[in-house]
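I opened the notebook to record what I looked up in this chain. The entries follow the order in which I consulted the model.

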Amino acid sequence: MTLSDLHRHLDGSLREATLRELAAGLGVDVPDEFRVSPGMGLVAALRCFELSLAVLQAPAAVRRVADEICADASREGVTTLEIRFAPQLHEGASPAAIVDAAAEGVAGRAGLILCGLFGEDPAVLEALVDVARSRPAVVGIDLAGGPSPAHAHRLRDYSRPFSLARDLGLGRTVHAGEGR
């Protein structure tokens, strides 16, 4: 049987023990009740990512979590896995180094999707496409988060990086309807 998971978040799929261990090593507090729950809404769910992202700044942490995600998915019977994340938010190294760490962690067991965020300068997403160019583990790009009238950039402003990704044979996804 084939079981696919094409939308697993690197910073949303940490084992609780790993989250607590990494947080303790950084002096970051983890609330006793830390869970993303069904129906909590996009804004509340994204706030939960702030904590997990705080512990995933170093390449070693990214590598470890990517490896654990693949192991957990395998135990769940997942045969096709894609892990998505925004490497530009992992400030402990360059986006390229963060992508390399994730690629080492997945070790061919999953594809990586690099996410730009609505509101970011389209050049950020274009830079992620450039990172993907020489990394076979990267299978796609994404524009994540919810569009907002407050954003300086609109969906059409991201057309160039999406065209570049298409020309490289990368998959493309957009979260155009979130946040409404």
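**Entry 1: D72 and its partner.** I began with D72, which is buried at a relative accessible area of 14%. The model I am reading is a predicted one. I then looked for the partner of D72 and found a salt bridge to R75, with the closest N and O atoms 2.3 Å apart. D72 and R75 are three residues apart in helix α3, so about one helical turn separates them.

**Entry 2: R64 and E68.** I stayed in helix α3, which covers residues 59-75 and holds both R64 and E68. These two are four residues apart, about one turn of the helix. Their side chains meet in a salt bridge, at 2.9 Å from N to O. I noted that E68 counts as buried at 9% relative accessibility, because the cut-off for buried is under 20%. R64, at 26%, counts as partly exposed.

**Entry 3: the network.** Which residues are linked with these in a network of salt bridges? I found R15, E21, R64, E68, D72 and R75 joined in this way.

**Entry 4: helix α1.** I next turned to helix α1, residues 16-26, where E16 and R20 lie four residues apart, about one turn of the helix. R20 forms a salt bridge with E16, and the closest N and O atoms are 3.0 Å apart. Both ends are partly exposed: R20 has a relative accessible area of 29%, and E16 has 35%.

**Entry 5: charges over the chain.** I recorded a count of 15 salt bridges. The chain carries 18 positive and 24 negative charges, and the mean positions of the two sets are 4 Å apart.

**Entry 6: the fold as a whole.** I listed six helices and five strands. Along the sequence they follow the pattern β-α-α-α-β-α-β-α-β-α-β. Of the contacts between residues at least 6 apart in sequence, 77% join residues at least 24 apart.

**Entry 7: size and surface.** How does the radius of gyration stand against that of a compact globule? For 180 residues such a globule would have a value near 16 Å, and the chain has 16 Å, which agrees. The C-alpha atoms fill a box of roughly 40 × 35 × 35 Å along the principal axes. I noted that 40% of the 180 residues count as buried. The chain exposes about 9,300 Å², of which carbon and sulfur atoms supply 54%.

Key. Residues numbered from 1 in each chain as written. Predicted model: local features only at pLDDT ≥ 70, side-chain atom pairs only at ≥ 80, totals over all residues. Heavy atoms only, no water. Rg over C-alpha atoms; globule rule 2.2 N^0.38 Å. Buried < 20%, exposed > 50% of the residue type's maximum accessible area, 1.4 Å probe, protein only. Contact = heavy atoms within 4.5 Å. Areas by Shrake-Rupley, 256 points an atom, 1.4 Å probe, with all protein chains shown as cover. Lys, Arg positive; Asp, Glu negative; His and termini not counted. Charge placed at Lys NZ, Arg CZ, Asp CG, Glu CD. Salt bridge = Lys/Arg side-chain N within 4 Å of Asp/Glu carboxyl O.
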